[in-house]
Every structure is written in structure tokens, then in C-alpha cells.
Amino acid sequence: MNKDSIVVVRPARSVAGSLRLPGDKSVSHRYAMLAAIAEGDTQLENFSTGADCASTLGCVRALGAEVLRTGNSVVIHGRGPKLQAPKSPLDCGNSGSTMRMLSGILAGQDFESELTGDESLSRRPMARIIAPLEMMGAKITAQKGGRPPLRVQGGNLKAIRYNMPLASAQVKSCLLFAGLFASGETSVIEPVRTRDHSELALRAFGAPLTQAGLETRMAGGQKLRGIEAAIPGDISSAAFFLCAAGVFPGAQLVIEDLLMNPTRARLLDILILMGVGISVTQLEEQHGELRGTVKVEGRALKGITIAGADTAALIDEIPVLAAIAPYTEDGIEIRDARELRVKESDRIAAIATNLRAMGAQVEEREDGFKIPGKQKLRGADVDSLGDHRIAMAFAVAALHAEGETQIRGAEAAVISYPGFFDALEGIAQR
Ligand code: S3P
């Protein structure tokens, strides 16, 4: 799809079928980054097909790691802890995960590197990693307001004990990755628990760490070794299909080999609380990451209020929950979600504008919104604002609307799931 592509989504009668999804984006980023600084080869199956993870592969290649990609299989020949100085700026594309987590590794290198990104990434806040990395001894320059591009001069890091002021798995991961290169023991304390893929991945690559409550501690100077892994399907991509099935009473959908990490699977509990029928079978584990087969059965949906730790746990799934909120009995209220304003777009504004374009009533707040239930939406012109999760969320809303919906900037879906619109068409019953 080209820039400013329009995809038309027609209403569906129901949703049915069975899917397998490309590998989880969060896990793919971490495995690729740690593979680059590990000794030996890492062999990854079902690597994310998203453009964000391709940005990470491009960066680690530019830092001297050999990367061989055949379809969704990726082999990375690790360089060990010392990377090669890049010849040009490292292009992180649209990927905040790439820029924030890779900065932790670059802070441990004794060369200077520059990280750049697209227009959306160039607006995103980086002070949250700059402050703690500087405390560890890195020198980082950014644009006004702590925005990218970033210049990172690394080397000679010392461990810190850091009380994180905000809930962010990217910041936590950045600091743990930097901690690998620091003298002493790095400790990160989170305000609420966020996704723990970095902790699991560090252990899998051979760097043990200890966790007690919200604190994670890890000794510096540990050597990593490459792993073999098959990455489970992306649960944040699955969210669009789970919600699409959830709103059609009687709809039945199966998603096989899906990531079931408890720090990522809160959506399943929320959908169950809303009345959706969900069962999980064939649970398996590799490198600490759970996977399973999820069966969903749509039912009449109750409403829900999401706040506090739940908001943090569901941060990437809120756009699609908002998209189905008008179709619930009692609506959905989201609180404590200020972070949504600094994602790939201002997601609170994007959700409110697009839902209103479809005829819905929405109460927008600084840190969330309230969307009443029992509303009928009509197909309309909506805009992704260049944000993959907004494009996909409104495709889901469109399935239950009256009349066609045109999604402008639909190509944004490639950021996390290039096959999204085909997969959605594949399960829509008409
Ligand atoms: C991610 C963490 C979250 C999430 C993002 C991926 C990760 O961001 O929104 O899509 O893989 O660690 P924050 O760390 O900014 O909360």
C-alpha cells in the first residue's frame, strides 16, 4: 500500500474462522537486540512481519551484527557486547521501542551514535530515557523538549537504583539493557507492573536477574549467548480480531499459538468480564514466554471501566476497546491513560474524532474518555493519522456499522501487521 491509501471496510454479519498471527512485536524487538550483543547465533522463527521490527533489524545490522532473513525466519550472528560504530544515523522509523530500548545498548558502547525517526517518532518524548541513562554516565543530546534525533555517547556506565516516575516497559528495558554494560548492580523499580519480556529474554540469553515485587535487579558485565526461539503470535494484533468476534453474538474465532504472557493477556480477562466467552488450551512455554490457543465466542457485551494498573497493562489495546465501546450495553470508560496522548498519534484525540465521524457520542478527557453504550454507528471517512492501531481499530468498528467506512492512511497497519486487512476480510461473514 502507498502513502495515504484508503481501505474500504464493509459491514459484516458476523465473524468466523481460525487464524495464526506473525510473531509478537515486543518479543521480536528484544530478541533481535539481545541477539546482536550475544556470543554466537540466534535463530528466530515467526519473527514479527511489522515494519517496526524491520527497523530494529536494520539498526542492529548497521551496528555490525550479521542478519539473515528468509521470510519470517531470522538468524542473527551476535557480535558480543562490543558493537561497531555505525557509519550513518540509525533509522528507527516509526518505532519508539527501537529508539528507547536500543539507546540502552548504545549507552554501553564507547562510540557516539545518532538515532533518528519518522515525523511521528520525532515528536515523541525521550526525556524518560535520557535522564536515567545520564545518571548512569552516558551523554545524550536531544532536540527541544527531549525529542529525537538523539545523539548517544556511551561507555563507562555505572549502575543506578532507579524509581521509575511512569509506567513504561520501554524505559525499564532500556535501563536493564544499559545495566548489562554497567559496573555494579542495576535496580529498576516500577510504579506498576509492565510487560516483562525483557526480564524473560535476559534470562533466556543467560543473564539472570532477580525480581521482588516491583523491583528488578541485575548485575552488570554478564555475557549473553544466542538462543533458538519460535516467537508466539502477537497478542496486541490479536486484540483486533478478539474484539471483532466479541461484538457479534454467536461469532466463533480461534487464534492458535498466541502469546499468553500474563503481563500482556489482561485483555482476555477484560473481555470475559464484558461477557465474551473465552477459553485457552494448549498452553506451552519457551524461554519463559507462554503461548496457547484462544477460542472466542461473541456475546451481548456489557460495559467496563478501566483504570490504574489495568490501563497500563492494556495500553496498546485501548484503541480497539474504544472502537467497540459504542456497541456495548453500558459503554466503556478509560481513566489514567494520559500516555495515549504521546503514542504514535494522540490516540485519545484520534479515537474521539473518528468515533464522532461515525456518529458516536464521546466524552473526551485529558487522561481518557467515556463512551456511552447502545449506540449505532454509521460508516464514515476516518483517518488513521498515520497510526497503525488507529487504522486497525476503526476497521473493527466498521464491521459493526451501517454502511461502508473509508479508512485513510490504512497503510499504517504495516507498522505492526502488514497482513491485517486481508486477515480481517478473511474472517468477516457477509
Ligand atoms: C512496549 C511498551 C509500551 C507499548 C509499546 C510497546 C514494549 O510502551 O505501548 O507499544 O514493547 O515495551 P511504553 O513503554 O511507552 O509504555
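Among the elements, α3 gives the most to the lining of the largest pocket, namely 4 residues. Please keep in mind that this is a predicted model.

Let me stay with that pocket. The space in the largest pocket comes to about 580 Å³. Its lining is made up of 38 residues, and those closest to the centre are A167, R195, A312, I315 and K343. Which elements give two or more residues to this lining? They are α1 (25-36), α3 (96-106), α5 (169-179), α9 (309-313) and α12 (388-399).

By class, the lining of the largest pocket has 18 charged residues, 12 polar and 8 nonpolar.

Now the second largest pocket. Its volume is about 460 Å³. The lining here consists of 17 residues, and K3, D118, L385, G386 and E411 are the ones nearest the centre. Sorted by class, the lining of the second largest pocket has 8 charged, 5 polar and 4 nonpolar residues. Domain 1 (6-23 + 232-429) and domain 2 (25-229) each supply at least three residues to this second lining.

Back to the helices. Two packed helices are described by the angle between their axes and the distance between the axes. Both α3 and α5 were on the list for the largest pocket. How do these two helices sit against each other? The axes of α3 and α5 come within 6 Å, and they cross at roughly 25°. Angles under 35 degrees count as roughly parallel, and α3 and α5 are therefore roughly parallel to each other. The crossing of α3 past α5 is right-handed.

Last, the backbone. Most residues other than glycine have a negative phi, and most peptide bonds are trans. I have one exception to each.

For the peptide bond, look at P148 and P149, which are joined by a cis bond with omega of about -5°. P149 belongs to strand β9 (residues 147-153).

For phi, look at D336, a residue other than glycine with a positive value near 60°. D336 sits in the loop between β19 (332-334) and α11 (347-357).

That is what I have for today.

Technical notes
Residues are numbered from 1 along each chain as its sequence is written. This is a predicted model: local features need pLDDT of at least 70, side-chain atom pairs count only at pLDDT 80 or more; totals for chains, interfaces and linings use all residues. Side-chain values use heavy atoms; hydrogens and water are left out. On a 1 Å grid over the protein atoms alone, a cavity is a set of points where a 1.4 Å probe fits but cannot get out, and a pocket is an open set with protein on both sides within 12 Å along at least five of seven lines; lining residues have an atom within 4 Å of a point. Grid points are joined across faces, edges and corners, and a volume is the space filled by probe spheres set on the points. Ala, Val, Leu, Ile, Met, Phe, Trp, Tyr, Cys and Pro count as nonpolar, Asp, Glu, Lys and Arg as charged, and the others, Gly among them, as polar. Domain bounds come from an automatic or database domain assignment. Axes are lines fitted to C-alpha atoms, for helices over the stretch in contact, and angles run from 0 to 180 degrees between N-to-C directions. Angles under 35 degrees count as roughly parallel, over 145 as roughly antiparallel, 65 to 115 as roughly perpendicular and the rest as oblique. A crossing is left-handed if the near helix is turned anticlockwise from the far one by less than a right angle, and right-handed if clockwise.
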